[in-house]
Amino acid sequence: MSKVGIIYWSSTGNTEAMAQAVEEGAKAAGADVEIMEVADADVDKALSFDVLALGCPAMGDEELEEGEFEPFFSDLEGKLSGKKVALFGSYGDGEWMRTWCGRAKDAGAELVEDEGLIVNNTPDDEGLAACRELGGKLA
């Protein structure tokens, strides 16, 4: 059984809803799952999981949230080599996800979805189903 960690940051609740759907999908597929906000996570905790799902919306000029998530990811980034990772979040455009996936790949992460999983603003039923499907892939 895979030990899956889901770490996210959410301002409006959109990325939190996505994280909860990823959790549902992973649990339904039999994974041991722990979900937490990035404020409650640290790099050592993140690296203790077999599989890591990271969620953050696009902020400002298509960037990761700068106060908590970006510093966390910057600390984690250099330690992702060989780690199975999924990236997800909500957006207005989508360039931030391409950049984020590129950073993770450059760090040696094995991305579950090469282009990440994104939904436009509030996840609808289709978006939540895609999140559950991603969770199943993590297990």
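## Helix α4

In this predicted model, helix α4 runs over residues 95–106. The helix has twelve residues. From its first C-alpha to its last, α4 reaches 17 Å. That is close to the 16 Å expected at 1.5 Å a residue.

After α4 comes Gly108. The phi of Gly108 is positive, near 95°.

Which residues of α4 are buried? They are Trp96, Met97, Trp100, Cys101 and Ala104. These residues lie on the same side of α4 because they cover an arc of only 130° around the axis.

The face turned away from the buried side looks outward: there α4 carries the exposed residues Arg98 and Asp106.

## What the buried side packs against

The buried residues of α4 pack against several elements. Among the partners are the strands β3 (51–55), β4 (84–91), β5 (110–111) and β6 (117–120). The helix α3 (69–77) is also a partner.

## Cysteines without disulfides

A disulfide is a covalent bond between the sulfur atoms of two cysteines. How many disulfides does the structure hold? It holds zero.

Take Cys101, on the buried side of α4. For Cys101, the nearest cysteine sulfur is that of Cys56, 12 Å away. A disulfide needs the two sulfur atoms within 2.5 Å, so Cys101 is in no disulfide. Cys101 has a relative accessible area of 3%.

Cys131 is in no disulfide either. Its nearest cysteine sulfur belongs to Cys101, 14 Å away. Cys131 is buried too, with a relative accessible area of 0%.

Definitions and conventions. Residues numbered from 1 in each chain as written. Predicted model: local features only at pLDDT ≥ 70, side-chain atom pairs only at ≥ 80, totals over all residues. Heavy atoms only, no water. Helix = DSSP H or I, 4+ residues; strand = E, 2+ residues; numbered from the N terminus. Expected span 1.5 Å × (residues − 1). Buried < 20%, exposed > 50% of the residue type's maximum accessible area, 1.4 Å probe, protein only. Arc of directions from axis to C-beta. Contact = heavy atoms within 4.5 Å.
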